[in-house]
Amino acid sequence: MSEKLLFKDIDEPGLNTLSVYERRSGFQALRKALQMAPEDVLAELEASGLRGRGGAGFAMGKKVSFLPKGSMDKYLVCNADESEPGTFKDRELMQKNPHMLIEGIVIAAHAGGANTAFIYVRGEYEQQARILDAALAEALDAGYIGERILGGEFSCSVVLHRGAGAYICGEETGLLDSLEGKRGNPRLKPPFPANRGLYQGPTLINNVETLSTVPTIMRMGGAEYAKLGVQTSTGTKLVSVSGHVQRPGNYEIELGIPSREIIYGLAGGPPEGREIKCWFPGGSSAPVLTPEDLDVPYDFDSLGKAGSMLGSGAIIVVDDSTPIVEVAMKVAKFYRHESCGKCTPCREGTNWTVKMLERIDSGEATPMDLDIMASVQEHIIGNCLCVLGDAMAMPIGSMIAKFRGEFEAHIESRRLEPAHA
Ligand SMILES: Cc1cc2nc3c(=O)[nH]c(=O)nc-3n(C[C@H](O)[C@H](O)[C@H](O)COP(=O)(O)O)c2cc1C
Ligand code: SF4
């Protein structure tokens, strides 16, 4: 991938300051957008085909179009919670290029008619929050946010809100409750936030990367942007590559390139002498894929067809030095800890799964326990209020299906250890 859009200037010293950002054509896209009617800005977003970069991959332009028309209090919320294990791309965007995010927020707010915007940043991102605070102060001084932006009719305040470190507050409705000062519990949907979101008002919620892409779309034009990538996955995407690779980090790729090019080409593949056992293509919520899947194009639909998902774009590579039981345990413990406890299949299912994995690891389990554990996962999927339950059940189910032999061997070897013999 040669073309860089989000990371074009990412290593420019001082890019987080307004003067350097402006020198790099910063806020020109906003100037252009404010000359246009909101529906024309929306048309560009729709033409771009941009799909949400936070996990679900929903078309951004369509989401904006769901906001009711007319004069009423509407909100825009930027999801900067970035809690999906393995995901660290939004952090780099906020840290190094905060004004691009602010510019994207104001353009999207103009398209949707929102006059108040919030950035909900995860509590652990203290450094990024301080950088955003400074950038917001500069943008306010320069008239890019606040009352009568650039002397025109449109006004939009942008407020930074720090979370307190809960994964569930990244789920959009949990986030809204948390922003309102309540415990961050997911809400029943419908109604969807576009109709009834923050303070019961129409609300557009988008991820940091999604909103950071908006200035580029305005600059290039939606149709031109849509030429990048593949038909149903347009544009470029940031991928966070971690785990057993030689060059972990964030990379910008054009959607649709073979996954192998990312894992081996960009990230250097596994350490010398090691083989890949499995990889999560889209964060720890994504069903695992194996080395046979390395040529699957990295885009929303191809990864879906391969039985997994693009999710947040976090590729976690696991090599053959790690027992699969250990991987499953890490995943299950994370979701057990983060379950809000509201619905039974998620609350009990995550706990049961950890307990069964502990039995497997301690040599007390039998192969029949694997069938029970697989069936627990099936009973969680689709039966919860939000998808946190599925986020554990899908990867665990995939590990049991693809590595059953290794689970069985683990049970047998533990059973034969002196303490159990
Ligand atoms: C349990 C859970 C955690 C989530 N965490 C995040 C997150 O940290 N950041 C994020 O952008 N989206 C997260 N999402 C997805 C959001 O609910 C929502 O789909 C997203 O913010 C929409 O933005 P987008 O359309 O730009 O992707 C999470 C979803 C679930 C179910
Ligand atoms: S699925 Fe889990 S996290 Fe989501 S609402 Fe139910 S109990 Fe809470």
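The radius of gyration is taken over C-alpha atoms, and the globule rule is 2.2 Å times the number of residues to the power 0.38.

**Figure 1. Overall fold of the predicted model.** With 421 residues, a compact globule would have a radius of gyration near 22 Å, and the protein agrees, having 22 Å. Along the principal axes, the C-alpha atoms fill a box of roughly 80 × 45 × 35 Å. The protein contains 17 helices and 10 strands; helices (H or I, at least four residues) and strands (E, at least two) are DSSP runs, numbered from the N terminus. Of the 421 residues, 51% count as buried. A residue is buried if 20 or more other C-beta atoms, placed from the backbone, lie within 10 Å of its own, exposed if 12 or fewer, and partly exposed in between. Local features need pLDDT of at least 70 and side-chain atom pairs count only at pLDDT 80 or more, whereas totals for chains, interfaces and linings use all residues. Residues are numbered from 1 along each chain as its sequence is written, and chains are lettered from A and ligands numbered from 1 in the order in which they are written.

**Figure 2. Domain 1 and domain 3.** The assignment, which comes from an automatic or database source, gives domain 1 (18–227), domain 2 (237–319) and domain 3 (324–416). The C-alpha centres of domain 1 and domain 3 are 36 Å apart. Eight residues of domain 1 are in contact with seven residues of domain 3, a contact being a pair of residues whose C-beta atoms, placed from the backbone, lie within 7 Å. The side of domain 1 that touches domain 3 has six nonpolar, one polar and one charged residues; Ala, Val, Leu, Ile, Met, Phe, Trp, Tyr, Cys and Pro count as nonpolar, Asp, Glu, Lys and Arg as charged, and the others, Gly among them, as polar.

**Figure 3. Helix 15 (residues 367–380) and its packing.** The 14 residues of helix 15 reach 21 Å from first to last C-alpha, close to the 20 Å expected at 1.5 Å a residue; the expected span is 1.5 Å times one less than the number of residues. Its buried residues are Met373, Gln377 and Ile380. Seen down the axis of helix 15, these buried residues fall within an arc of 65°, so they line one face of the helix; the arc is that of the directions from the helix axis to the C-beta atoms. They pack against helix 14 (344–362) and helix 16 (388–402). On the other side, Pro367, Met368, Asp371, Ile372, Ser375 and Glu378 are exposed. Just after helix 15, Gly382 takes a positive phi of about 80°.

**Figure 4. Surroundings of Pro287.** Pro287 is placed in the loop between strand 9 (276–280) and helix 12 (300–305). It is buried, with 22 other C-beta atoms within 10 Å. Leaving aside neighbours within four places in sequence, Pro287 is in contact with Gly307, Ser308, Met394, Pro395 and Ser398.

Figure 5. Most residues other than glycine have a negative phi, and most peptide bonds are trans. In the loop between helix 8 (172–179) and strand 4 (203–207) lies Pro190; the peptide bond from Lys189 to Pro190 is cis, with omega near -10°. The bond from Pro190 to Pro191 is also cis, with omega near 5°. Glu82, in the loop between strand 1 (75–80) and helix 5 (89–96), has a positive phi of about 30° and is buried, with 26 other C-beta atoms within 10 Å. Leu150, in the loop between helix 7 (126–141) and strand 3 (157–162), has a positive phi of about 50° and counts as partly exposed, with 14 C-beta neighbours inside 10 Å.

Notes:
Contact = placed C-beta atoms within 7 Å.
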